[in-house]
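Subject: Structure handover

Hello,

The structure is below, followed by notes on what was found in it. Please read the two side by side.

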Amino acid sequence: MQSRSSTGDSAVRDTAAAQYLRALPVTRVILVFISIAGWLILISHALNFTALQTANWISVLGATVVSTGTALLLFWLDDSQVNQRYLQIGLLIPLFYTGTLIQNGYLPVTFAPITIVLTQCLYRARGSKLLPYLMWLAWCLALYLSPVQEGQAFTLRLMLVTLVFIPITDPLLRQADWSHHTKTHLLKLFLILLLVVVALLGILHAIAGNSFTVPVVAIIACAIAYGIVAKNKTASHSVRAAIAALVLSAYWFGVIQNGVLPTTVVGALVLFSFLLLPAYEALFFSLALVTLSLLPPISLDASQLDFEPVPFFARHFALTLLLIFAFYQLFRTRERE
């Protein structure tokens, strides 16, 4: 297999078949857990269990049946027997997901990051770079049309995190080469995107009359991290640990200042840890991060929010755990190559 030390358009790309094969372990993990989550939501809805209820059970049922059927098919067939067209049936899942967003508003947004990763894994043919952006725009339109307009600050952050995932996940599946240079390039791209997101949120904070301190601290932390990565210093374990500590400190400063709101970007920090650290180390770093991030919602005064926090955060952190294991599968696959 050829390789080049570049991740631009001139870099060597694997064929669609090779990309599907690389995505299969991740696809299986996501489909199984989404199936389990879907059935739990449907059973809870039938039993009138508030924490996992849904207003639009028909779309949830459709997505759950498709994910379960596709997961069973993938486990029934070995890798060599999997046809690309079988996987593309799974694209019904993000379409059903659009329906749940229209009906339920903020609550299904917790599924957005993992659903966009699944969408990219399910479709690697022509237009695979464009499709996730079209899906993301469709979800934004669905949220705009939804009669449920609670939790807008949380929804905005989750959708921005989802958007950041797209240009990072695509090269992870597409590039034939997986070298230190490739991973460093993706880490720099991620930090640039994170800087843009933080700056945008800072502007919105200022417009709303809130303090700009947290965005400034986050921008400084990301800029320092980018400078270190750009100088190609990440080969050193101590430097990688220092970068992780720097970004984590900025995150916790945001939690201290803004309470539960910054926990919505924990998925982005999970991706950051896998880009920075070896997959095995990133797995434990991410699990520890999510465990610590549970503390703000546990001590939260529900009267501070304009929505019911238990269903939202139960889904958010459960799906963040799924995201961790999905990225672990993908990065371990790349490292073994």
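**Salt bridges**

Asp14 is buried, with a relative accessible area of 10%; buried means under 20%, exposed over 50% and partly exposed in between, with a 1.4 Å probe and protein chains only. This is a predicted model, in which local features need pLDDT of at least 70 and side-chain atom pairs count only at pLDDT 80 or more, while totals for chains, interfaces and linings use all residues. Residues are numbered from 1 along each chain as its sequence is written, and side-chain values use heavy atoms, with hydrogens and water left out.

The partner of Asp14 is Arg22, in a salt bridge at 2.5 Å, N to O (a side-chain nitrogen of Lys or Arg within 4 Å of a carboxyl oxygen of Asp or Glu). Arg22 is buried as well, at a relative accessible area of 5%. The whole structure holds five salt bridges.

Another joins Arg174 to Asp170 at 2.8 Å, N to O. Both residues lie in helix α7 (residues 152–174), four residues apart, about one turn of the helix; helices are DSSP runs of H or I, at least four residues, numbered from the N terminus. Arg174 and Asp170 are both buried, and together with Arg124 they are linked in a network of salt bridges.

Glu335 and Lys183 also form a salt bridge, at 4.0 Å, N to O. This pair links distant parts of the chain, 152 residues apart: Glu335 is in helix α14 (residues 309–336) and Lys183 in helix α8 (residues 180–207). Glu335 is partly exposed, with a relative accessible area of 30%, whereas Lys183 counts as buried at 14%.

**Helix pair**

Helix α10 (residues 237–258) and helix α11 (residues 266–276) have axes that come within 11 Å and cross at roughly 175°. Axes are lines fitted to C-alpha atoms, for helices over the stretch in contact, and angles run from 0 to 180 degrees between N-to-C directions. The two helices are therefore roughly antiparallel (over 145 degrees). On the α10 side the contact is made by Arg240, Ile243, Ala244, Val247 and Tyr251, and on the α11 side by Val266, Leu269, Phe272 and Leu276; contact means heavy atoms within 4.5 Å.

Regards

Conventions. Parallel < 35°, antiparallel > 145°, perpendicular 65-115°, else oblique.
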